[in-house]
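Please examine the protein shown below. The questions after it are meant for a reader who is new to protein structure.

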Amino acid sequence: MLSAGAMAGHVDDVMNDVAVVMPLQEGSWTFGLEALYLKRADDDFHYASTTTQAGTPIEVTDSTRHVIGPDFEWGSKLDVTYNFIGNGRFMHFGWERVNGSETGAKEGNDSIILAGPAVMDVSGSTTLPLQFLPRVLGANVDWDRIDAKSESTYNAVDVVFGQRMYFADRVEMAAFAGVRYASIDSDNRFTANVTIPVAATPNGAAGFVKMQSDFCGLGPRAGVDGRVYLGNSFSLVGSVGGALLVGNADSKMFSQIIYSQDGATISGSTQSS
């Protein structure tokens, strides 16, 4: 951080023999840049299902859901503060941004039936796309491989005003209130591919599903930053705060299946929001 200013103090109140001091300060700017390491609170992305069959007659021995779970990601935070001339008042601008990306893949074989999130039988149909990729195609075969990717972007902008206070020369607190704007963009997608024997109709297929959800909102934010001076240039710091956002949420899904048949392609798509 970079800052320029001078501080003094005076006792405004005494509570239980603990002096509460509002710092006298000159006008100054402070700038800061932080690295964040956060894990988003989100549901797992279910992109594939597998079923294992064995025996005669054939029996299902195991069914498994394959998911991508949110993981810790690096982000950044920019802080700009102006300290007003007087008794510890300040204005703060903050911007947080975190990008997340996870991938997953699953392959099928002779003993493992590979499907998308929903298990469906569309045997005999080559023109109707499904939102969740079928289990069985017209030639009575399953997907060879499904690849998935989950991405998210989080942005938050704060503009708050606050007041600094010192307690007994060892504890510093800064209460603040203002507004927050936040946006959250999520993009989940998976693709599936299969090669069917040439004698079959169709003799190949590829499926694609993309699901997007977006939220942006604005609302009040308030909290308290604290610092306890431990001595020898060490301090214990913490912050408690929250925001109540009101905004708009939008979700969309696009799906497409393309079938290869005698060198040509037959495709269809759906989109919903």
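Predicted model: local features only at pLDDT ≥ 70, side-chain atom pairs only at ≥ 80, totals over all residues.

The following questions and answers describe this structure.

Q: What percentage of the residues in the protein chain is buried?
A: A residue is buried under 20% relative accessible area, exposed over 50%, and partly exposed in between, with a 1.4 Å probe and protein chains only. The protein chain has 273 residues, and the buried part of them is 34%.

Q: Among contacts between residues at least 6 apart in sequence, what percentage joins residues at least 24 apart?
A: A contact means heavy atoms within 4.5 Å. Among the contacts in the protein chain between residues at least 6 apart in sequence, the part that joins residues at least 24 apart is 67%.

Q: Which residue in S9 is the bridge partner of Thr81?
A: Two strands pair if DSSP finds at least two bridges between them. Strand S7 (residues 72-83) pairs with strand S4 (residues 28-39) in the antiparallel sense over twelve bridges, and Ser28 stands opposite Asn83 in S7. S7 also pairs in the antiparallel sense with strand S9 (residues 89-107), over nine bridges. In S9, the partner of Thr81 is His92.

Q: Is Ser233 buried or exposed?
A: Ser233 lies in the loop between S13 and S14, and its phi is positive, about 70°, although Ser233 is not a glycine. Asn232 is also placed in the loop between strand S13 (204-231) and strand S14 (234-243), with a positive phi near 55°. Asn232 has 73% relative accessibility and therefore counts as exposed. Ser233 has 81% relative accessibility, so this residue counts as exposed.

Q: What is the C-alpha to C-alpha distance between Asp250 and Asp214?
A: Asp250 is found in strand S15 (residues 246-261). Because its relative accessible area is 31%, Asp250 is partly exposed. Leaving aside residues up to four places away in sequence, Asp250 touches Gln212, Ser213 and Asp214. Asp250 and Asp214 are 36 residues apart in sequence, yet in space their C-alpha atoms are apart by 5.2 Å.

Q: What separation do the C-alpha atoms of Tyr181 and Val159 have?
A: Tyr181 is found in strand S12, and at 40% relative accessibility Tyr181 counts as partly exposed. Not counting residues up to four places away in sequence, Tyr181 touches Asn155, Ala156, Val157, Cys216, Gly217 and Leu218. Tyr181 and Val159 are 22 residues apart along the chain, and their C-alpha atoms are separated by 8.9 Å.

Q: How do the residues that line the second largest pocket divide into nonpolar, polar and charged?
A: On a 1 Å grid over the protein atoms alone, a pocket is an open set of points with protein on both sides within 12 Å along at least five of seven lines, and lining residues have an atom within 4 Å of a point. Of the 25 residues that line the second largest pocket, the closest to its centre are Arg40, Ala41, Asp42, Ser152 and Ile184. Ala, Val, Leu, Ile, Met, Phe, Trp, Tyr, Cys and Pro count as nonpolar, Asp, Glu, Lys and Arg as charged, and the others, Gly among them, as polar. The lining divides into eight nonpolar, nine polar and eight charged.

Methods. Residues numbered from 1 in each chain as written. Heavy atoms only, no water. Helix = DSSP H or I, 4+ residues; strand = E, 2+ residues; numbered from the N terminus. 1 Å grid on protein atoms, 1.4 Å probe; cavity = no way out; pocket = protein on both sides within 12 Å on 5 of 7 lines; lining within 4 Å.
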